[in-house]
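Here is a short report for a reader new to this structure. Look over the sequence and the model before reading on.

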Amino acid sequence: MDLVEVHFAAAGRTVFVQPGTTLLAAAGLAEVDVLTGCTRGMCGTDAARVAAEPADALEEPSPTERGTLDRMGVGGDCRLLCSARVRAGRVTVLGDAVAD
């Protein structure tokens, strides 16, 4: 099984994780601090802009995550770090979905 590269642009840190790992767990491994709330994909506290190579490097959002992102009105390039799971390739966390 190939590891997935996860890069945190603002922190300049990169980790390699197993497919299925959440971006929040990857942040912990990279020692990148992330402000979180419920960690269940409902509050939106950890919404971030991400770039994925290939485009399907992340699993599809769950209905709960999709509902939270829709309610927040953020762009299609945003995911919740507690819910977004890596699949393959490289994922770059670019920054906060709301503040940046």
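## The largest pocket

Which residues lie nearest the centre of the largest pocket? They are D33, V34, L81, V93 and D96, out of 17 residues that line the pocket. The model is a predicted one. In it, the volume of this pocket comes to about 270 Å³.

Of the elements, β5 gives the most, with four residues. Sorted by class, the lining of the largest pocket holds twelve nonpolar, two polar and three charged residues.

## The second largest pocket

The second largest pocket has a volume of about 160 Å³. Its lining is made of 13 residues. Nearest the centre of this pocket are A55, L58, E59, G76 and R79.

Strands β3 and β4 each supply at least two residues of this lining. The classes here are six nonpolar, one polar and six charged residues.

## The nonpolar cores

In soluble globular proteins, nonpolar side chains tend to be buried together. The largest nonpolar core in this model has 19 residues. V6, F8, L23 and V86 have the most contacts inside this core.

What does V86 touch, leaving aside its neighbours within four places in sequence? V86 is in contact with V4, V6, V17, Q18, P19, G20, T21, L23, A57, L58, E59 and V91. One of these contacts, L58, also lies among the residues nearest the centre of the second largest pocket.

## Helix α2

Helix α2 spans residues 63-72. Its residues E65, T68 and L69 are buried. Why do these three sit on the same side of α2? They cover an arc of only 95° around the axis, so they share one side of the helix. The other side of α2 has the exposed residues P63, D70 and R71.

The buried residues of α2 pack against β4 (78-80). After α2 comes G73. The phi of G73 is positive, near 75°.

Definitions and conventions:
Residues numbered from 1 in each chain as written. Predicted model: local features only at pLDDT ≥ 70, side-chain atom pairs only at ≥ 80, totals over all residues. Heavy atoms only, no water. Buried < 20%, exposed > 50% of the residue type's maximum accessible area, 1.4 Å probe, protein only. Arc of directions from axis to C-beta. Contact = heavy atoms within 4.5 Å. Core = buried A, V, L, I, M, F, W, Y, C linked by side-chain atoms within 4.5 Å. 1 Å grid on protein atoms, 1.4 Å probe; cavity = no way out; pocket = protein on both sides within 12 Å on 5 of 7 lines; lining within 4 Å. Points joined across faces, edges and corners; volume = space filled by probe spheres on them. Nonpolar A, V, L, I, M, F, W, Y, C, P; charged D, E, K, R; others polar.
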